[in-house]
Every structure is written in structure tokens, then in C-alpha cells.
Amino acid sequence: MKLLRKPAGQHGLVHHITPENAGWSYVGFDLWRLEPGEVASGQTGGNEAILVIVEGKARVSGAGQDWGEMGERMDVFEKTPPHCLYLPDGSEWRAEATTPLTLAVCLAPGKGGHAPRRIGPEGITLTQRGQGANTRFINNIAMEAEDCCDSLLVTEVFTPDGNWSSYPPHRHDEDDFPRMTYLEESYYHRLNPAQGYGIQRVFTDDGSLDETMAVQNHDVVLVPRGHHPCGVPYGYEMYYLNVMAGPIRKWRYENHPDHDWIWQRDNAPKN
């Protein structure tokens, strides 16, 4: 499996990741970059979808409804909550850009269990996680606490310059709930300033998978299994949009045994 996916140009449908071309079973991810007046559209088929307006504004229709103009932030690094739309399986959708638009389409198997609905910006609050050089900031779009999807788990993460994220290294690649859940995961990366880069390593305990990648603006990294920490150099900040899905919609993970001491130390009761 090729884990690092480069965008197919700078305009139009620049990422089209499916279970078939990813070599896995659950997660799909499309990314559109459009100019005003241009249109993205699709059918979810057997999948549910969350449309995430990463940047810009668009007039959106989906699942037989007109949702009006959606979107607010013009630059993802404003860090304001995103405007998103949940669509169940069997839906058609259309988005016409009214400004320059970056639109993410997050996909996973649908089961007909949830109705279409807006997600955010209300109810999404930028929240700090971690401390020191492990500090990052989260916009939870559709994580386990929100009963809004059948399969999808979706979140945004902002990592300040010089910091690490998805750290200490952790994995969620065994279907053994409640100890751990099997979740495939994609990372859509952005850098600020845009010419920056970050580092992401994907590796298993036994070394059968061990790849370290330099990620650039608009790259996607696939995590089929193993640990997957990432970091960004001094002078640049990193954004990523995570999409996870697996047999059950729960996020249970284990830290790497060599590095769990960091989590234990940072989360020890304070006197």
C-alpha cells in the first residue's frame, strides 16, 4: 500500500481515495478545490458522508434538501469551527462554490441509522489536548460522543510550530473492544506557511510496517495499521483532518509500550 498520497494537481478533484485503491475496507476520502461558480457533486451509494467545508463557502444541496450557503472561514488556520453536512447512504449531493472552496468528503459504510443534518459550527469548540511540545488543538466534528453517524469518526487537529501530535505513538488496529478497536484512518495535511512540511511515521510493533514520510500542503497519509505520530518543524504549524472508520464506531487505542511512560507522566494526578 502506498501510504503517502500526493494531490492530483491544484484544482478540481485532487484526491479520490476509496477502499479499493487504498487496499482496505472502510474509509474513503475525496478533496475538491474549486473556484467560484464551479460545482462538485456525487452520490454516496452504500456509504454515509460528511461534507466538511475546509475553506470558503458553497451553496449545498443533499439528500433531497437545499441547505443554503455553508461555510465561514476563508483560511483553515483561522481555527474557527467548520461548517459540515452529514448525509446518509443513498444520498445525492451538490456543492456550488461561491468563493474559492476547499471541500472534503469523508466516507464510510452507512447503515441507514441517521438522518441528514448540519454539523457545526455550533457545538464545536476548539479544545486543547496535551502539554508542552505535545500541545495541539482539536475541533471535534463527529467523534464518539456525538451520535450523528453510523460509522464515521471525524476531527480536525491544529499542531503549533515545533510540536508533535498523535503522540505518544498509539495504534487502533485490532478488533478487540473494549481494549482496542480496529479503525482505518486518513490524515489530510495542511501547512502554514504553505511551503512548509511535516513528518509522519507509520510503524508496527513488529517492524513489518515502518515508513517515515515528509508531508506537504494538501498531502494525505493513509494509516492501515500501526502507530502514526506526526510533527511539524519550528516556524510552521500543521493542520490535519482525520477520518476514521471500522467495524464499530468507537475509538479505543493503546500507546506504544516503549513510549507510554510519557502519557503516564503527563496524566499523573497533580498534588
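In this predicted model, Arg-73 and Glu-156 form a salt bridge whose closest N and O atoms are 2.4 Å apart. The two residues belong to distant parts of the chain, 83 residues apart: Arg-73 lies in the loop between strand E7 (65-70) and strand E8 (83-87), whereas Glu-156 belongs to strand E14 (residues 153-159). Arg-73 has a relative accessibility of 2% and therefore counts as buried, the criterion being a value under 20%. Glu-156 is also buried, because its relative accessible area is 0%.

A second pair joins Lys-6 to Asp-219, with 2.8 Å between the closest N and O atoms. As for accessibility, Lys-6 is partly exposed, with a relative accessible area of 40%, whereas Asp-219, at 1%, counts as buried.

A further salt bridge connects Arg-179 with Glu-174, at an N to O distance of 2.4 Å. Arg-179 is partly exposed at 33% relative accessibility, and Glu-174 is partly exposed at 30%. This pair is part of one network, in which salt bridges with shared partners join Arg-171, Asp-173, Glu-174, Asp-176, Arg-179, Asp-205 and Glu-254. The count of salt bridges in the model comes to 17. As a general principle, side chains of opposite charge can pair when their charged atoms come close.

Attention now turns to open space. Rolling a probe the size of a water molecule over the atoms shows where empty space is left. The largest pocket holds about 440 Å³ of space. Its lining comprises 29 residues, and those nearest the centre of the pocket are Arg-129, Arg-136, Tyr-167, Trp-251 and Tyr-253.

Which elements supply at least two residues each to the lining of the largest pocket? They include strand E13 (136-142), strand E14, strand E17 (184-192), strand E22 (237-245) and helix H2 (260-266). Strand E14, one of these contributors, is also the strand that holds Glu-156, the partner of Arg-73. By residue class, the lining of the largest pocket divides into twelve nonpolar, 13 polar and four charged residues.

Terms used
Residues numbered from 1 in each chain as written. Predicted model: local features only at pLDDT ≥ 70, side-chain atom pairs only at ≥ 80, totals over all residues. Heavy atoms only, no water. Salt bridge = Lys/Arg side-chain N within 4 Å of Asp/Glu carboxyl O. Buried < 20%, exposed > 50% of the residue type's maximum accessible area, 1.4 Å probe, protein only. Helix = DSSP H or I, 4+ residues; strand = E, 2+ residues; numbered from the N terminus. 1 Å grid on protein atoms, 1.4 Å probe; cavity = no way out; pocket = protein on both sides within 12 Å on 5 of 7 lines; lining within 4 Å. Points joined across faces, edges and corners; volume = space filled by probe spheres on them. Nonpolar A, V, L, I, M, F, W, Y, C, P; charged D, E, K, R; others polar.
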